[in-house]
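I give each term its cut-offs where I first use it.

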Amino acid sequence: MIPVDLCSETGRLNAVLMHRPGPEIEAMTPTNAHHALYSDILNLDIVNKEYGYFSGALSKVTNVLYVMDLLEEVLKDAKVCETLVRQSCKLDGCECVVDELLTHDPKTLSKELIEGFAYRKGKDPVQFEESRYLLKPLYNLFFTRDASSCMYDGALINSMSFGVRSRESYIYKAIFENCFKVNTLWAQQAVPEARTEGGDVHIVRPDLLCIGTGIRTNFAGIEYLAANAGKGKERFYVIAQELPKEPDSFIHLDMVFTFLGTHHCMCYEPMIRHTGVFTGMKTYLYTIEGGKFARKEYDNILVALKAVGMEMDPIFCAGGMNSGDFADWWQDRDQWHSGANFFSFGENHIIGYRRNRRTIEALNKAGFEVLDAEDVCADKVKPWDYEKAVITFAGSELPRGGGGARCMTCPINRDKIDW
């Protein structure tokens, strides 16, 4: 197994963990969609086609690992299997099926832990009939970044803010501890009030994290991560960016800010200007030296990055405020469907949704060659042939799930950058 080694957001990607959306998506109904953290129900056939080009393009440039495959391997260990099944059933209140599930083979059980274990009329307790499931489907698992994310030589098991996603964390804990043999950090188990999610955590340099704080990640979580990441280091930095609590499109930092390269980033401009929903939002720089914390406020995330030696050249979502008439409308439209959420698979080599046309045009003006995922999958073009490249893939259903390319990827290993 490729070792966990992640010291940047943009070093060349050697391995990434993903999950193909499956039947769990079709378990959503208009009634339970809100509980599942969706604003709408998705069409699985279209999701599969869009995801196929997304994951297919990434498979041309890196090693793609899948959660279902690794979970099946984990479940071959009887002790690990029993622990995970008991934890999962306890969280969903269906301990009555533990013994039955433990008789299932690893392949079957891995599907049941992800896709759900359906209620059977006349056999199972009647209280499960209305929800149709004893073990609930993991509707959000294809956003692999959220419940776990790698940090340096270990893995964060993130403290999910909503119970419907709690079981995901236990699955990732089992995978990282048993497949990758790495130490895991779980903020909530050490500090009960702490919350972290991977979409908020950016591994910038060996001595620097950028973390968003809003509805999903709080300051207690940030301080826990800062203390652990900075342990044993002479000096360590964390930039904390406040995020609005609503609407839902601002749930994580990577919905408004992503690194494209060591000197390029994608920004939603109102975050920088403190306008609109970002009015009054603060940016802090934590410096940890000798175990002591110091905190200083900066004008915005770009200024804070400059203060720690990172001069960034921002590219603005939809071209930013100076892109013409109704610029604010266009950037709000693109941001809503993850127009600032790009995933870097190498220095200035990124992938994101094609639908955000104005954002893609802004990248092209900044020197990024625009490549279609279909052409990459068919080997008609090779991303590494270009100094800067953005792979675009179709997104009509996937964005309605509330996330983009970075949300759907959990990088495992990147080449180190010579800082």
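Entry 1, helix α1. I began with what the buried residues of α1 pack against, and I found β1 (13-18), β2 (63-66), β16 (343-346), β17 (349-353), α14 (373-377) and β19 (389-393). Here contact means heavy atoms within 4.5 Å, and buried means under 20% relative accessible area, exposed over 50% and partly exposed in between, with a 1.4 Å probe and protein chains only. The model is a predicted one, in which local features need pLDDT of at least 70 and side-chain atom pairs count only at pLDDT 80 or more, while totals for chains, interfaces and linings use all residues. Residues are numbered from 1 along each chain as its sequence is written, and side-chain values use heavy atoms, with hydrogens and water left out. Helices (H or I, at least four residues) and strands (E, at least two) are DSSP runs, numbered from the N terminus.

I then listed the buried residues of α1, which are Leu44, Val47, Glu50, Tyr51, Phe54, Ser55, Gly56, Ala57 and Leu58. I also checked the length of α1 (residues 44-59): its 16 residues, at 1.5 Å a residue, should span 22 Å, and this agrees with the 21 Å between its end C-alpha atoms. The expected span is 1.5 Å times one less than the number of residues. At the start of α1, I noted that a side-chain oxygen of Asn43 comes to within 3.0 Å of the backbone nitrogen of Asp45.

The N-terminal end of α5 is capped by Asp105, with a side-chain oxygen 3.1 Å from the backbone nitrogen of Lys107. Just after α5, Gly116 has a positive phi of about 100 degrees.

Glu246 and Pro247 are joined by a cis peptide bond, with omega about 0 degrees, and Pro247 sits in the loop between β10 (235-242) and β11 (257-259). I found a positive phi, near 60 degrees, in His274, a residue other than glycine; His274 lies in the loop between α10 (269-273) and β13 (283-289). Ser338 likewise has a phi near 60 degrees, and its place is in the loop between α12 (327-336) and β16. Is each of the two buried or partly exposed? His274 counts as partly exposed because its relative accessibility is 25%, whereas Ser338, at 2%, counts as buried.

My search of the whole structure for disulfides (pairs of cysteine sulfur atoms within 2.5 Å) gave 0. Cys267 is in none, and the nearest cysteine sulfur, that of Cys265, is 3.8 Å away; Cys267 is buried, at a relative accessible area of 0%. For Cys407, the closest cysteine sulfur is in Cys410, 12 Å away and so too far for a bond.

Key. Polar contact = N/O pair within 3.5 Å; in protein donor to acceptor, adjacent residues only side chain to side chain.
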